[in-house]
Amino acid sequence: MNQWTVGSIGEPVRDVVLKLARAHESAFGSAFGAGAGAGPARLFPRFGAEAHADSTSHADARGGVRRLVQESWERSLSLQIDPARPAPEPELSSDALRELRDRHPLSAVLPVVQNLLIRHSLESGLIVAIGDESGRLLWIDGDRTVRRQAEGMLFVEGADWSERRVGTSAPGTALALDHGIQIQRAEHFNRLAHSWSCTAVPIHDPDSGVILGVIDVTGGDDAVGPQTLPLVEAAAWAMEAELRIQRLRDRNDNGPGHGGPRDRAIVRVAGFTQAPPPTTQRRPTNARVSVLGRDTGFLENGLGSFELSPRHAEILTLLAWYRDGLTADRLSQLLSDQSNSVDNLRAEMVRLRKVLDGTAPPISIASRPYRLGSPVELDAQRVLALLERGAHRVALGTHRGPLLPASVAPGIVEIRSEISSRLRQALLSDASPDLLLEYARSDEAAWDEEVWRACLELLPPRSPKRASVVARLAKIEADLAETGAPGGGRNLPQP
């Protein structure tokens, strides 16, 4: 079993929940009968190695509690947190909370969360929270009923949900371990949270690698479903990528030596993050290349990022797509049908290698066949991986448009067609009415009659959205009658 996710394959949820409840009661049951006024010292008089050994031995004897949860319980005990008492009340005034939000760098990328998670949470009875690097919840959105219910455990904006304040929880433990994690019901240290389950993933600064905050999905058992962690990880990745793009845009707009507004925001935040130096928290990550909805490529690697020329973006895309490598003849065919393309390719490879040698760590390209010497993550491949997991909403949010739309290289056209076709087919087969309608309104499907007709079939008979769908179909049919192709042949996905 993956230690970061909950449950066991094939084990009924009810059995897992009962097992965890018994484990928690066995470890901390005496605390619940000690009275509201009993402090942690009275409840747990023996701290240190002996108390921790008792806690671990109890958990091991009961079974069913993941090692990382046991270790989090031990950390919570060592901090003398009372599992029977509610989490502390929020300490921030509305003005202080507003100031923290305004100063925090994640405020600039909240629309990404709205597109990828919050609209989905409204349909699924979940809430989405964004916390800062210390575990304080800055934003909470999602199902209104669930939000009101969560107030009972003081899961509210301004509250501190770090391990040092409430013990084991998804947002607090994700920050403590710097890793995405799921926490189910009685795995929470605080008993008030035992009706809840949650999935959380840290968010990192795309330049320095330090933790900026955490994104959390909270609710019932759906909050720890098998697709939830990949979905939240994708949202965190998208927020980091958007931060990087915004900073690059600011630098371009302000010129060398002129920090843009978001650069200054990072400096202000540094005053209260109290994070270790970047070198102590930098996580090794694969190089990332963004080519969806862009005529040029955008490469992120280590502490640097820069824009790739259209030709270099094409080459890196093909090498990342064909991981086993390509001969010079085959790669040149995928790039161009000109007779002298092999000679052109070799000259271009020299230039590309010089560019990649300047990255940290450098990205190497081996020869005979041409192949990448280190992993490169392609955003187009990310979309397909999400589709395979059934995370259609996140896949659509990650798909920012056709792959290198201005490219006419045969290999790029083929990959572009495959991605568009697989996205279209997945959404036509399994998407909800609202998600399919969101796709239909994108540039890629704006003139796709089959997609719009599928929306009309899926929408309830009395849905107010049907009128706009009918109007769009009428427009498509009118253009078809006039030009012989919907939209004059514009924006049609390749089959």
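Some ground rules come first. Because the model is predicted, local features need pLDDT of at least 70 and side-chain atom pairs count only at pLDDT 80 or more, while totals for chains, interfaces and linings use all residues. Residues are numbered from 1 along each chain as its sequence is written, and side-chain values use heavy atoms, with hydrogens and water left out.

The protein comes out with 21 helices and eleven strands; these are DSSP runs numbered from the N terminus, with helices being H or I over at least four residues and strands being E over at least two. Of its 495 residues, 52% are buried, where buried means under 20% relative accessible area, exposed means over 50%, and partly exposed covers what falls in between (1.4 Å probe, protein chains only).

Now to the helix pairs. Axes here are lines fitted to C-alpha atoms, for helices over the stretch in contact, and angles run from 0 to 180 degrees between N-to-C directions. Angles under 35 degrees count as roughly parallel, over 145 as roughly antiparallel, 65 to 115 as roughly perpendicular, and the rest as oblique. A crossing is called left-handed if the near helix is turned anticlockwise from the far one by less than a right angle, and right-handed if clockwise.

Helix α18 (residues 410–430) packs against helix α19 (residues 433–440) at an angle of about 150 degrees, with the axes 10 Å apart. The pair α18 and α19 is therefore roughly antiparallel, and α18 passes α19 in a left-handed crossing. On the α18 side, Ser420, Leu423, Arg424, Leu427 and Leu428 do the touching, and they meet Leu435, Leu436 and Tyr439 in α19.

Further along, helix α20 (residues 449–458) and helix α21 (residues 466–483) pack at about 155 degrees, their axes 10 Å apart. That makes α20 and α21 roughly antiparallel, and their crossing is left-handed. Residues of α20 in this packing include Trp452 and Cys455, and those of α21 include Val469, Leu473 and Ile476. Cys455 is buried, at a relative accessible area of 1%. Another cysteine, Cys198, is buried too, at 4% relative accessibility. With a disulfide taken as a pair of cysteine sulfur atoms within 2.5 Å, the count comes to zero.

Helix α18 also takes part in another packing, with α14: the angle is about 70 degrees and the axes are 4 Å apart. Helices α14 and α18 are therefore roughly perpendicular to each other. The contact is made by Gln333, Leu334 and Leu335 of α14 together with Pro410, Gly411 and Ile412 of α18. Ser336 sits in the loop between α14 (328–335) and α15 (341–357). It is buried, with a relative accessible area of 15%. Leaving aside neighbours within four places in sequence, Ser336 is in contact with Ser341 and Pro410.

Leu352 lies in helix α15 and is buried at 0% relative accessibility. Its C-alpha atom is 9.2 Å from that of Arg311, a residue 41 positions away along the chain. Once neighbours within four places in sequence are set aside, Leu352 is in contact with His312, Ile315 and Ile365.

The peptide bond from Arg368 to Pro369 is cis, with omega near 0 degrees, and Pro369 is found in the loop between β9 (365–366) and β10 (371–372). Gln80 is not a glycine, yet has a positive phi of about 60 degrees. This residue is in the loop between α4 (67–78) and α5 (94–103) and is partly exposed, with a relative accessible area of 41%. Leu404, again not a glycine, has a positive phi of about 40 degrees. Leu404 lies in the loop between α17 (392–398) and α18, and at 1% relative accessibility counts as buried.

Terms used: Contact = heavy atoms within 4.5 Å.
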